[in-house]
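User: Could you take me through this structure, one question at a time? I am new to reading such models.

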Amino acid sequence: MPVADFPLGPLQTNSYIIHNEGRAVAVDVGGDPDPMLQYLTSQRLQLTDILITHRHFDHVYGVAALAEATGAPVHVPAEDDCLADTEAARGGIWGFPLVPDFSAQHIAMGATTFGGMTCQVLSTPGHTPGGISLYFPDDHLVFTGDALFYRSLGRTDFPGGDQATLLHSVTAVLFALPENTVVYPGHGPSTTIGDEKRHNPFCGGFLQE
Ligand SMILES: [Zn+2]
């Protein structure tokens with residue numbers, strides 16, 4: 001299952017398209033989605049769903065435009081609704097622009113399919129109250145939003161952030177995935193679960209060798 005990465009918007013948020021047999025799913029849309037739309041057209045893909053890992057402004061700037069251009073429904077974590085009226089979700093913080101409004105439905109935790117692809121929706125709060133990770137077991141990959149990065153973790157100083165909760169999400173939920181699972185984070189390069197278990201300096205030597 002191919003994964004295409006488009007770093008978009010003011011914080012170069014990784015915005016992903018995964019696809020299989022002509023159907024595609026988007027994960028986060030950090031800015032003007034034009035490169036994603038061009039990719040969908042060139043690969044002759046139908047976008048079936050737009051999935052949001054957490055409701056921070058830099059992950060949703062392009063959601064309204066992508067939804068309007070494709071008609072795909074938008075899925076957001078319910079527990080992030082409490083952020084709706086904060087600058088962290090609406091934009092405006094640090095002088096960044098406001099997020100264009102979009103309508104969305106809540107995403108259910110657990111096993112499901114998107115675009116015909118098997119997906120496990122994992123609750124990984126801590127960076128935000130409702131943050132999720134999207135695990136595609138058949139393809140050994142997980143989208144972690146801003147919970148887990150290459151050699152780093154998400155910040156917890158935004159509204160609703162909690163460091164102990166985030167550490168639990170990473171070590172108890174994400175590190176329970178198979179070690180060969182490729183991690184596609186919200187910012188920066190990809191990594192693997194096994195690599196971060198051994199080398200992530202913020203996880204307290206979870207698995208020392
Ligand atoms: Zn974030």
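User: Leaving aside its neighbours within four places in sequence, which residues is Leu-134 in contact with?
Analyst: Leu-134 is in contact with Val-27, Leu-51, Thr-53, Cys-119, Val-121, Val-142 and Phe-143. Two residues are in contact if their C-beta atoms, placed from the backbone, lie within 7 Å. Please note that this is a predicted model, in which local features need pLDDT of at least 70 and side-chain atom pairs count only at pLDDT 80 or more, while totals for chains, interfaces and linings use all residues. Residues are numbered from 1 along each chain as its sequence is written.

User: And which residues touch the most other members of the largest nonpolar core?
Analyst: They are Ala-26, Ile-50, Leu-51 and Leu-134, in a core of 53 residues. A nonpolar core is a set of buried Ala, Val, Leu, Ile, Met, Phe, Trp, Tyr and Cys residues joined through C-beta atoms within 7 Å. A residue is buried if 20 or more other C-beta atoms lie within 10 Å of its own, exposed if 12 or fewer, and partly exposed in between, with C-beta atoms placed from the backbone.

User: How much of the chain is buried?
Analyst: Buried residues make up 46% of the 209 residues.

User: Why is strand S3 largely enclosed?
Analyst: Strand S3 covers residues 23-27, and four of these five residues are buried, so the rest of the structure largely encloses it. Helices (H or I, at least four residues) and strands (E, at least two) are DSSP runs, numbered from the N terminus.

User: Which sense does the pairing of S2 and S3 have, parallel or antiparallel?
Analyst: Strand S2 (residues 13-20) pairs with S3 in the antiparallel sense, over five bridges. Two strands pair if DSSP finds at least two bridges between them. Tyr-16 stands opposite Val-27 in S3. The hairpin of S2 and S3 has two residues between the strands, and Glu-21 takes a positive phi near 50 degrees there.

User: What about S3 and S4, parallel or antiparallel?
Analyst: S3 and strand S4 (residues 46-51) run parallel and are joined by five bridges. Val-25 stands opposite Asp-49 in S4. From S3 the chain crosses through helix H1 (residues 34-42) to S4, and this β-α-β crossover is right-handed. A crossover is right-handed if, with the strands pointing away from the viewer, the path from the first strand over the helix to the second runs clockwise.

User: Now the open sheet: in what order do its six strands come?
Analyst: The order is S7-S8-S9-S10-S13-S14, and the pairing is mixed. Strand S7 (110-114) and strand S14 (191-192) are the edge strands, each pairing on one side only. S14 runs antiparallel to strand S13 (residues 182-185), with two bridges between them. Val-183 stands opposite Thr-191 in S14.

User: Changing topic, which residues of helix H3 are buried?
Analyst: In H3 (residues 63-70), the buried residues are Val-63, Leu-66, Ala-67 and Thr-70. They lie on the same side of H3, because they cover an arc of only 100 degrees around the axis. The arc is that of the directions from the helix axis to the C-beta atoms. The buried residues of H3 pack against S3, H1, S4, helix H2 (57-60) and strand S5 (74-76). Just after H3, Gly-71 takes a positive phi of about 75 degrees.

User: And in H5, which residues are buried?
Analyst: In helix H5 (residues 163-173), Leu-166, Ser-169 and Val-170 are buried. Their arc around the axis is only 90 degrees, which puts them on the same side of H5. Ala-164 and Ala-172, on the other side of H5, are exposed. Strand S11 (148-149) and strand S12 (152-153) are what the buried residues of H5 pack against.

User: Where does Trp-94 lie?
Analyst: Trp-94 lies in the loop between H4 and strand S6 (105-106). It counts as exposed, because it has 8 C-beta neighbours inside 10 Å. The phi of Trp-94 is positive, near 55 degrees, in a residue other than glycine. Most residues other than glycine have a negative phi.

User: What phi does His-140 have?
Analyst: His-140 has a positive phi of about 55 degrees, although it is not a glycine. His-140 is in the loop between strand S9 (132-136) and strand S10 (141-145). With 16 other C-beta atoms within 10 Å, His-140 is partly exposed.
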